Amino acid sequence: MRRLLASALLVASVAGSTTARADEPEDEPDSLVWKDGWRRFHWGEYVATGAAFAGIAVGLFAVPQQVGNWRGGILFDDWFRDRLALGSYDARQATIMAGNALYYGLWAYPVVVDLGIAALAVHQSPDVAFQMFLIDAQSFAFTGLISTLTQRLVGRERPFSEECASDPHYDEECSDDVNRSQAFISGHTAMAFTGAALVCVHHAHLPLYGNRAADLLACSTAMLGATLSGVARLAGDRHYVTDILAGAAIGVASGYLLPEAVHYRFSVPRFAGPEGSAMILPTPIGDGWGVSMLGMM
């Protein structure tokens, strides 16, 4: 568990890795405006986002759930399950509830805090808030579509299914064949990382909190929360680690890479420092892991 928490902190550190910009003073005040070089939401994206939400509804109500198509772990799944899944029913349920709190929080934070409070109430910039809202909706829609259809069509059994045969009360979903077959991908993790990635991409380009340190802290904290949400799904025995990794990858792609490529156009992030460039990377140390900083300061 100690190594796992260290890995979670490492993810948050990597989320804060930046490429520096030398020609801008660190404390230069920024106004909250949508820059000319950024692409605004256009009609094709309205259509695509609406189609994605419609696809979620189709997946939930019209696509039959495949049951028991894929059983057991692959690669390092069993190794992680043996070390992370909690033995006590009450402990598993408490951990799942804690993870769900992070999950819902990362749904709400980009919209309620960054959009509603920071962009609208504090900066009074409805134009930026509207663009953020559309981008958030687009990312959540695409993640929801991918996770819903994947869970329905793949039909991977959750890891606790192995225990249900000998103990029908091992988990409250032991008798629910539909929910028990929705392990891949981890939808909770995918959505949590989508929310965290949206926090990062918006704060990387918009001065929502007024200074780089606060914006970087918001991104790092959100990524740490998403990581712990995934850890909770492992500890609760609801997913294998490959389910978590796949969900995290989809969440980051949808929540960060998609807005970065389509809207922010890979512009230089505000996280950049005043001189040189630096990046925090994982580094093996003995039988564990640490971090190292590469670049010029």
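A residue counts as buried when its relative accessible area is under 20%, and this cut-off is used throughout the account of the predicted model that follows. By that criterion Cys200, at 4% relative accessibility, is buried, and Cys219, with a relative accessible area of 0%, is buried because it too falls under the limit. Across the 297 residues of the protein, 47% count as buried.

The overall architecture gives these residues their setting. The protein has 10 helices and two strands, and reading along the sequence gives the pattern α-α-α-α-α-α-α-α-α-α-β-β. Among the contacts with a sequence separation of 6 or more, 82% are made by residues 24 or more positions apart.

Against this background, the disulfides can be taken one by one. A search of the whole structure finds two of them, and if the bonded cysteines are numbered in sequence order, their pairing is 1-2, 3-4. Cys164 belongs to helix 6 (residues 161–164), while Cys174 sits in the loop between helix 6 and helix 7 (177–180), so the pair ties together parts that are 10 residues apart in sequence. Both Cys164 and Cys174 are buried.

The other disulfide is that of Cys200 and Cys219, with sulfur atoms 2.0 Å apart. Here the angle about the S-S bond is 90 degrees, and the link of Cys200 and Cys219 is right-handed. This pair links distant parts of the chain, since Cys200 is in helix 8 (residues 187–205) and Cys219 is in helix 9 (residues 212–235), 19 residues apart.

Helix 9 also takes part in a helix packing. Helix 4 (residues 89–122) and helix 9 pack at an angle of about 150 degrees, and their axes are 8 Å apart. Angles over 145 degrees count as roughly antiparallel, and helix 4 and helix 9 are therefore roughly antiparallel to each other. Their crossing is left-handed. On the side of helix 4 the contact includes Arg92, Ile96, Leu102, Tyr103 and Leu106, and on the side of helix 9 the residues include Ala222, Gly225, Leu228, Ser229 and Arg233. In the contact of helix 4 with helix 9, nine residues are nonpolar, five are polar and two are charged.

Gln124 lies in the loop between helix 4 and helix 5 and is exposed, with a relative accessible area of 63%. Ser125 is in the loop between helix 4 and helix 5 (126–154), yet at 9% relative accessibility Ser125 counts as buried. Leaving aside residues up to four places away in sequence, Ser125 touches Leu32, Ala119 and Leu120.

The backbone has some details to examine as well. Most residues other than glycine have a negative phi, and most peptide bonds are trans. Gln124 has a phi near 50 degrees, a positive value, and phi of Leu75 is near 50 degrees, also positive. Leu75 is found in the loop between helix 2 (43–61) and helix 3 (77–84), and Leu75 is exposed, with a relative accessible area of 74%. A cis peptide bond joins Phe184 and Ile185, with omega about -5 degrees, and Ile185 is placed in the loop between helix 7 and helix 8.

Technical notes. Residues are numbered from 1 along each chain as its sequence is written. This is a predicted model: local features need pLDDT of at least 70, side-chain atom pairs count only at pLDDT 80 or more; totals for chains, interfaces and linings use all residues. Side-chain values use heavy atoms; hydrogens and water are left out. A disulfide is a pair of cysteine sulfur atoms within 2.5 Å. Helices (H or I, at least four residues) and strands (E, at least two) are DSSP runs, numbered from the N terminus. Buried means under 20% relative accessible area, exposed over 50%, partly exposed in between (1.4 Å probe, protein chains only). Axes are lines fitted to C-alpha atoms, for helices over the stretch in contact, and angles run from 0 to 180 degrees between N-to-C directions. Angles under 35 degrees count as roughly parallel, over 145 as roughly antiparallel, 65 to 115 as roughly perpendicular and the rest as oblique. A crossing is left-handed if the near helix is turned anticlockwise from the far one by less than a right angle, and right-handed if clockwise. Contact means heavy atoms within 4.5 Å. Ala, Val, Leu, Ile, Met, Phe, Trp, Tyr, Cys and Pro count as nonpolar, Asp, Glu, Lys and Arg as charged, and the others, Gly among them, as polar.
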